[in-house]
Amino acid sequence: MTASEENSALFPIFILSIMALPLVPYTMLQLCRAASKKAKSTHCQCSVCIRSGKYQKSIFKRISNFSTWSNLTLVLLWVVMIVLVYYIKHISHEIQVFEPFSILGLEPGASDSEIRKSYRRLSIQYHPDKNPDPEAHNYFVEFISKAYQALTDPIARENFEKYGHPDGRQGFQMGIALPQFLLNIDGASGGILLLGIVGVCILLPLIMAVIYLSRSSKYSGNYVMHHTLSTYYYFMKPSLAPSKVMDVFIKAAEYMEIPNKLSFWKQHPALVKTELLIQAQLTRESGALSPALLRDFRRMLELAPRLLEELMKMAIIPHNPQGHGWLRPAIGVVELSQSIVQAVPLSARKASGGSSEGIAPFLQLPHFSEAVVKKIARKKVRTFQDLQDMTMQERAELLTQVAGFSSAESQDVETVLEMMPSITIDITCETEGEEGIQEGDIVTMHAWITLKRGNGMIGALPHAPYFPFHKDENFWLLLADSMSNDVWLSQKVNFMDEAAAITAASKAIQEAKEGSGASLKEISSAVKETVEKVKSGSRLVMGKFQAPAEGNYNLTSYCLCDSWIGCDIKTSLKVKVLKRSRAGTRGGAVVEEGPSVGDGVEEEEEEIEEEYDDYESEYSEDEEDVKDVKSKAVAANGNAHGKGNSSSSDSSGTEEEDE
């Protein structure tokens, strides 16, 4: 076999190696990710969620979930690799290395007489005079004759036995694993080779770079259009009422791309269509939509979680010289997210019956309606907390005897109530290594957020039978001044990834202990305790901010859940900032536990004129309440502990900034 033919035969091996280098590690990574998914079911097991079909794993849904572009491409590449392996195995039998002894059917070191005898035997079988087959003729000339000559010539035989080649020691040879027709650069083959080199080495990388740059210039890291972010930032206002957040939300560029055939004079058709689709979700009327509108409806809901997250970020990013965000629109974004996920009208959040949350928390429960809420209200169950405080037997009697539920429907309600999270928050603010907080200090906030559920689970998907996609529970911790509408610190936390939470909390505690000069034993003990707390359902939140000017600050920590209604909690946090001492001495500050804002302040409904029935956020406060909070504020370094009773939520803190 010539050198060019040998190189051509190695071309499939070269292609196989190039494909296997990235394909094998990527496949292993995908398999590890699939294996790391918990086998334990983390979604709601009530009959309403099961009937929704969102969590059903039929063969068609499995195929649909698997039939992504990445998975199909992966399978196709593996098919190509298998074909290459089969082809290489087939041609390996055709590639024969020149071995004179093997060709003549002899053992190495055979005598001259044995060589001549074997040659005569093969000549009778393959000689052209004896065998007219052209292949036999080629085999006799190319192999048998050359092998006989190599072994009968003393010098050639000695070279072969020493160096493995009749011509003696061979120099180092290099080749290129390309097909034979490409190596023949005469005529059209040269053009094919040139086009291949230009296409693979120049055009393909250039096309991929253009596609990547065009996409990256259009979308952010969260796959949200940059135009959407700029629009949200432009329309975000500090006084944006929760009921007006939808007007900003529907202006996303992604929703503008949804096709429509409507025509309006005063409003963009896409805005009207998006708002109508959202209203169909809030009123649970999606079943009346046509197939075409149903596709747009699902597309709208699929985009909603990440668009709401970006809208939330636009509300809490620094908007003033002190680096503070805005509280009022942030609360409105979370409430809109809750309503969309649970398919509850915004008007249901209007305060009524002694509940600042209205009947919205009841409507997220399975089989509940406004009529059911009115029935149980006659038994003095007017708030959602009243229902939660009842024993299981009392709730079962109430639902079966008063509301007319069956035992199965009553069990569905119990299942959902056990899924709802209950939050305990422990927050402290201090200047590390010092006793008090002076203006200009870097203040560190530590917050331990603990989540408990009635069913014992920690990370779980919320009960959301009317939201057709998987939705993780996300919690936001906002450390804010409700009187000035400023958000000092904010961060999102998720309880699904326990491993990441353990790593982050252990590292933070270890660095804090090392900075304070603790011994190795103390550090190890603290880290071990931290790991146990995280495994039991707690998350550590740490943030730093620069202390503002001297004064007393009545802050409030808000824990807001973007999926559940009625699981939010807020606690007060009182911080006293001392004047900067000239000599650098520090005065001590008293630490007190801040009372819950929800317990000490009455909340009143604020009337806002709107086109439709409006609601008031449960976190709104009127001017008299604000003055009352100011008069009752006690100067102290922040130390607050709050537990969600009527509401509970979960969050994590970010860096606070100077007010």
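How far apart do the end C-alpha atoms of residues 12-32 lie, and how much of the span is helix or strand? The end C-alpha atoms of residues 12-32 are 29 Å apart, and the span is 100% helix and 0% strand. The model is predicted: local features need pLDDT of at least 70, side-chain atom pairs count only at pLDDT 80 or more, and totals for chains, interfaces and linings use all residues. Residues are numbered from 1 along each chain as its sequence is written, and side-chain values use heavy atoms, with hydrogens and water left out.

The UniProt record, an unreviewed entry, lists residues 12-32, 66-88 and 192-213 under "transmembrane region". UniProt positions follow the numbering used here, feature names are shortened, and annotations may be inferred rather than shown by experiment.

**Salt bridges**

Side chains of opposite charge can pair when their charged atoms come close. A salt bridge here is a side-chain nitrogen of Lys or Arg within 4 Å of a carboxyl oxygen of Asp or Glu. The count is eleven. Three of them are tabulated.

| Pair | Closest N and O atoms |
|---|---|
| Glu309 and Lys492 | 2.9 Å |
| Arg395 and Glu414 | 2.8 Å |

Helices (H or I, at least four residues) and strands (E, at least two) are DSSP runs, numbered from the N terminus. Both Glu473 and Arg453 are buried. Buried means under 20% relative accessible area, exposed over 50%, and partly exposed in between (1.4 Å probe, protein chains only).

Glu309 pairs with Lys492 in a salt bridge. Glu309 sits in helix H16 (residues 291-316) and Lys492 in strand E5 (residues 486-493), 183 residues apart. Glu309 is buried at 18% relative accessible area. Lys492 is partly exposed at 29%.

Arg395 forms a salt bridge with Glu414. Arg395 belongs to helix H21 (residues 392-402) and Glu414 to helix H22 (residues 407-419), so the pair ties together parts 19 residues apart in sequence. Arg395 is buried at 8% relative accessibility. Glu414 is buried too, at 4%.

**Aromatic pairs**

Rings of Phe, Tyr and Trp (its six-membered ring) pair if their centres lie within 6.5 Å; planes under 30 degrees apart count as stacked, over 60 as edge-to-face and the rest as tilted. The structure holds 13 such pairs. Tyr119 and Tyr148 are stacked, at 4.1 Å centre to centre and 20° between the planes. Tyr119 lies in helix H7 (residues 112-126) and Tyr148 in helix H8 (residues 134-152), 29 residues apart. Tyr148 is partly exposed, at 21%.

Trp488 is buried at 2%, and Tyr553 is buried at 12%. Phe362, Phe368, Phe384 and Phe405 form one aromatic cluster.

**Charges over rings**

A charge sits over a ring if NZ of Lys or CZ of Arg is within 6 Å of the ring centre and within 35 degrees of the ring normal. The charged end of Lys533 is over the ring of Trp448, 4.0 Å from its centre. Lys251 lies over the face of Phe235, 5.0 Å from the ring centre.

**Cysteines**

A disulfide is a pair of cysteine sulfur atoms within 2.5 Å. The count is zero. The closest cysteine sulfur to that of Cys44 is in Cys46, at 3.5 Å, too far for a bond. Cys44 is buried at 0% relative accessible area.
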